[in-house]
Amino acid sequence: MTSAGTPTVFIIDDDAAVRASIQDLLESCGLRSVSFGTAEEFLRSELKGEPRCLVLDVSLPGISGLDFQRRLAEAGFQIPIIFVTGHGNIPMTVKAMKSGAVEFLTKPFLDRDLLSAIRQALDRDQATRQERAELAELRERYETLTAREREVMGLVVSGMLNKQIAGELGNSEVTVKIQRGRVMKKMKAGSLAELVKMGGLLGVPPGQKLHNTNV
Amino acid sequence: MNLIGSYNYALVALSVFIAIFASYDALDLAGRVTAAGGWTRAAWLLGGAGAMGTGIWSMHYIGMLAFILPIPVAYHWPTVLLSLFAAILASVVALGVVSRQKMGWFRALAGSVLMGAGIASMHYIGMAAMRLPAVCQFNSFLVILSVVFAVLISFAALWITFHLRDKKTAIGWEKLAGAVGMGAAIPVMHYTGMAAASFTPSGMPTDLSHAVSISTLGTGGIAAVTFVVLGLALLTAWVDRRFATQTLELQEEKLQETEAYLSEAQRLSRTGSFGWRVSTGDILWSEESFRIFQYDRTTKPTVELILQRVHPEDAALVQQTIGRAAQDGQDFDFKHRLLMPDGSVKYVHVVAHALNDLSGSLQFVGAVMDVTEAKQAEEALRRSESYLAEAQKLTHTGSWAWGVAGGNALHLSEEWYRIYGFHPEEGLSAWEKRRQRMHPEDRAKWQGVIERAIDEKSDYEVEHRILLPDGTVKYAHTVGHPVLNASGDVVQFVGTMMDVTERKRAEEERERLRHALADLARVNRVTMMGELTASLAHEVNQPIAAAVTSANSCIRWLEADVPNLEKARAAAMRIVKDGTRAAEIISRIRLLFQKGTQQLELIDVNEVIEEMIVLLRGEATRHSISVRTELAADLRQVMGDRVQLQQVVMNLMTNSIDAMKAVDGMRELAIRSQRGDNEQLLVSVSDTGVGLPPEQVDQIFNAFFTTKPHGTGMGLRICRSIVESHGGRLWAGDNSPRGASFYVSLPTRVETRE
């Protein structure tokens, strides 16, 4: 995965005229776009790696836009979605926004609304991609920790003192101190607060003993 | 002392011969007198009597001369002439009697007494003419005997003459024998009378003034003259008879011919003649009468035989009619039926004239006409007329004819009167009164049509109303046809008038129903469209959204640092296209909202299906339904109302969509069109929905039947009405493997309706 490359806007709408007009609008703004008549066509395409967003018509043949949004999320496929519809209503809008939609536009829409939504979506995509890259880095670092060090890190981010950790692990306080220093170093954490944040991002369970040797 | 007379027997013989000759003459002449009439008869009577009288007198005188007295006898000639006159008078009486058509006893007796008296007078006057020197005495017994003989002989003579007079032959043996008998008898009287006289000589001188003596030569002269007179009479009679015979033969021939003609005429005209003598019951029939009554010619016709043939139902009438006629002696004229032995029925018309003959007995002469054919024709005519009247009544059609010249009606049928609310008894004068019953608003139109028809000598046809006095309005349809004379002028119009009120009312009713259906259909459409608002809005929004977006791009292309005109033009063209599309959709929707009556045009059903798919695609999409079409390319056009057919397709499609909203799995709406049998086309709308309600398939087309929570239950009912008003059918069935199918068949060749 790379953060480089031209952003691409995907459009799914069963109406060819609508597709053509949106594509042309994006082109006039220098945006690259690819359009699909159905959700299936989109899924079959090979263009998912690039920075992108999705302009999705709510009424699609076969499956509704909202259902499609849910299915993408379930599949872990993260892409910012801008909904467009010919006959939107409030419940539909609420549902879409709750599910993480960037914008919900009613046809006919203003070009700047669509364009700003697309920019926002692309930014969000950008941010997401960055976050994901940082997390991957942290995971790599975490992988380098020994089992004991992961135990110590978990106890540290849960806010326990060295003495408490030593008591918990049945070690001396000095040993804990050395292990804690190694964790900080391996994780490249400048401070305890930074380590706690990393633990949160990695989902290290706080205050949990990895090996329950004794109670 | 009596003088003894003797007879010259030669003269006696001569006298007898003359008597025979004269008798023969008398017989012959009697026939001529009978045959003649008027003046001819009088001439024959007088001439004949003259000849006969001369003969009788001559016989007497020759007989007198044959009597020889020993004294000279002279004759006083005026007395002789007087005796001749008596003889002629007696002959007149005799001929007068025998030449009559009939001879009764009284007439015969009176005639013979007169004739006998005449002859006796002649004899004794002749005796009185004798001038001789002697006294003549008469033996009264012999005198009476001689007169009796004269009368008896006369009677015999009259009887013989009467019965022999018509013998045609010149010399018949019967006639000759009669003449001999008569001729022999006459001298009997004479010689008896002579025997009665006895002469006694007297000394008195004979008065010889005017007396002549008859010499032998004189006797011969008398005889000769007598023969000449008698002979001439005979000759004349013979010649006349010859002529008469010839005339008679001719007449008879003519008569036979006439009779043949008459018989033929009777046969041809089926008219038999008859005579009926009431007193004797004798009936005379002509040949044709026998034929009509179907009796053999040898049968003797009687009243009983006639009654045998009379139809039992008419027997009383016949008996009564002829009974009364026989009683009153009145003419009669009546018709009745005959029932023939073979069971057939004849109609006869009998006319008879009453006559009283000379003897005073009642007689009828008449004719019996076989009028069966005329009667049958008349009955056939009456029957056909009654059928016609019945047909007119059933079809409410009256017939009429009117003359152009006076504008008068020439014929008006009963039904015509009935339609106008007149009574047939009012007669042709009702024709004038009809003008007042013509609806005032239609009079001018009606008048114009008729005037044009007269001008153009053409047929005419006009629909008008009739306003009856009670306010009832009728609708009539009149058709007229001109009748031209030889020179091509319109003389009359004939035609019919049909009461079309019922049809008109039914038409109005149908029209009202059509309007009601149209209104109901519209309500249904509007309801349906209301339910589809979201989808319809979507359909309109799509092109508008595209257009707005394209317009924005267009501006951007133009506003760029380097304007891209190519791109801008392309965007503008898309705007045009999208705008047009939006307008089309809107106009289609508007059509469905429109209010109006049926408008028939030729319609491509595939087009209708596609238009409705455009409108309903959004709705289908919204419910994740895929729409599939299989439309036949070679579909014929249908005569129908576009909006109504669109409504049917739309209704079936929305029903299908509704049926699939709640089902899991495949949701497919399939619409097919294909050519069917018998110039029909078939459209089917199938879905994979919940299917038809089980055991209620028959009810789904009923009004107010619905399975939907908010359905009106009118949709399918209206669809069926629409399809049926197009002459088609709408029905439902199950779809395989799931759902329902609706089928519409429509005729592709529809008769043009008004």
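**A walk through chains A and B**

Helices are DSSP runs of H or I with at least four residues, strands are runs of E with at least two, and both are numbered from the N terminus. Just past α11(B), B:His396 takes a positive phi of about 55°.

Before going on, keep in mind that this is a predicted model, where local features need pLDDT of at least 70, side-chain atom pairs count only at pLDDT 80 or more, and totals for chains, interfaces and linings use all residues. Residues are numbered from 1 along each chain as its sequence is written, chains are lettered from A and ligands numbered from 1 in the order written, and side-chain values use heavy atoms, leaving out hydrogens and water.

Further along chain B, B:Ser686 sits in strand β22, residues 680–686. B:Ser686 counts as buried because its relative accessibility is 3% (buried is under 20%, exposed over 50%, partly exposed in between, with a 1.4 Å probe and protein chains only). Beyond its neighbours within four places in sequence, B:Ser686 has contacts (heavy atoms within 4.5 Å) that include B:Glu668, B:Arg672 and B:Asn735.

Over in chain A, you'll find 9 helices and 5 strands, running β-α-β-α-β-α-β-α-β-α-α-α-α-α along the sequence. Of the 215 residues in chain A, 43% are buried.
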